[in-house]
Amino acid sequence: MSDDFQSRLESAIARGRRRAEHEASQERQKEMSEEELKRLHTSYRLSLSEQIEAAVRRVADHFPGFRYESVFGEEGWGAACYRDDLRLDAGRRTNLYSRLELVIRPYSDLRVLDLKGKGTVMNRELFNRTHYTKIAEVESEDFSQLIDSWAIEYAEMYSAKSSTS
C-alpha cells in the first residue's frame with residue numbers, strides 16, 4: 001500500500017502542476033485577447049472619430065452661427081457643433097441653445113464599441129441615443145451609417161424648428 005500511496009501522491013502533485021500551468025496559460029491567452037480587443041477598439045475609434053468630425057462639420061457648415069468643436073476625454077472621442085441664439089420678444093430676452101454631439105466612448109470592461117449621440121434644438125433635447133456592439137462583432141459599416149443618419153436627422157430637425165420660430 002505504501003507504494004500505491006506514493007505513486008498516487010506523485011500523480012496528484014503532477015496533476016496539480018499541470019492544472020496550474022494550464023490556468024496560467026489560459027490567463028496569458030485572456031490577457032492577449034484583452035490587448036487585442038483594446039487594439040481593435042482603438043482602431044475603430046480612430047476611423048469612426050474621423051467620420052464623426054466630417055459629418056458634424058458638414059452640419060455646422062450648413063447653418064450659419066454654428067461653432068464646431070472636437071470632443072475628446074472621459075466622455076469619448078468625436079465632435080460637436082453648437083449655437084447659442086438670443087431672441088428678443090417685446091423687450092424680453094430668451095436664450096436658445098442648440099447642439100449636436102456624436103462620440104465614441106472609451107474602452108471599458110464591457111468590451112463594446114459604444115456610439116453616443118445627443119441632439120438639442122432651441123433648448124429641447126430631441127434625441128439622446130446610444131448604439132453599442134461587442135468589439136469582436138463590430139461591423140464598422142453599421143456605425144458609419146448611424147453616424148450619417150443621426151447627423152442628417154439632426155439637420156432636418158434643426159431646420160424644421162428654426163424655420164418655424
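Me: Which residue stands opposite Gly-117 in S4?

Reply: This is a predicted model. In it, Leu-102 stands opposite Gly-117 of S4.

Me: What makes S3 and S4 a pair, and in which sense do they run?

Reply: Two strands count as paired with at least two bridges between them. Strand S3 (residues 92-104) and S4 have 6 bridges. That meets the cut-off, so they pair. The sense is antiparallel.

Me: How do you know that S4 and S5 pair?

Reply: The test again asks for at least two bridges. S4 and strand S5 (residues 124-134) have 10, in the antiparallel sense. One of these bridges joins Lys-116 to Thr-130 in S5. The hairpin of S4 and S5 has 2 residues between the strands. There, Met-122 takes a positive phi near 50°.

Me: Why is strand S4 called largely enclosed?

Reply: A residue is buried when its relative accessible area is under 20%. In S4 (residues 112-121), 9 of the 10 residues are buried. Therefore the strand is largely enclosed by the rest of the structure. Over the protein chain of 165 residues, 33% count as buried.

Me: What is the order of the strands in the sheet?

Reply: The order is S1-S2-S3-S4-S5. The sheet is open, has 5 strands and shows antiparallel pairing.

Me: Why are S1 and S5 called edge strands?

Reply: Strand S1 (67-71) and S5 each have a single partner strand. One side of each is therefore left without a neighbour in the sheet. Neighbouring strands of this sheet are turned by 15° against each other on average, direction ignored.

Me: What makes S1 and S2 partners?

Reply: They share 5 bridges, in the antiparallel sense. At least two are needed, so S1 and strand S2 (residues 77-89) pair.

Me: Why is Asp-148 called partly exposed?

Reply: Buried means under 20% and exposed means over 50%, with partly exposed in between. Asp-148 has 30% relative accessibility, so it counts as partly exposed. Asp-148 lies in helix H2 (residues 140-164).

Me: Which residues does Asp-148 touch, leaving out those up to four places away in sequence?

Reply: Asp-148 touches Gln-51, Ala-55 and Arg-58. Touching here requires heavy atoms within 4.5 Å. As for Ser-163, it is 15 residues from Asp-148 in sequence, and the C-alpha atoms are 22 Å apart in space.

Me: How do the elements run from the N terminus on?

Reply: They run α-β-β-β-β-β-α. The protein chain has 2 helices and 5 strands.

Me: How does the radius of gyration of the protein chain stand against that of a compact globule?

Reply: A compact globule of 165 residues would have a value near 15 Å. The protein chain has 26 Å. Its C-alpha atoms fill a box of roughly 105 × 30 × 20 Å, taken along the principal axes.

Me: Which domains does the assignment give?

Reply: The assignment gives domain 1 (1-30) and domain 2 (31-164). Their centres, taken over C-alpha atoms, are separated by 54 Å.

Note on methods
Residues numbered from 1 in each chain as written. Predicted model: local features only at pLDDT ≥ 70, side-chain atom pairs only at ≥ 80, totals over all residues. Heavy atoms only, no water. Buried < 20%, exposed > 50% of the residue type's maximum accessible area, 1.4 Å probe, protein only. Helix = DSSP H or I, 4+ residues; strand = E, 2+ residues; numbered from the N terminus. Axes fitted to C-alpha atoms, helices over the stretch in contact; angles between N-to-C directions. Rg over C-alpha atoms; globule rule 2.2 N^0.38 Å. Domains from an automatic or database assignment.
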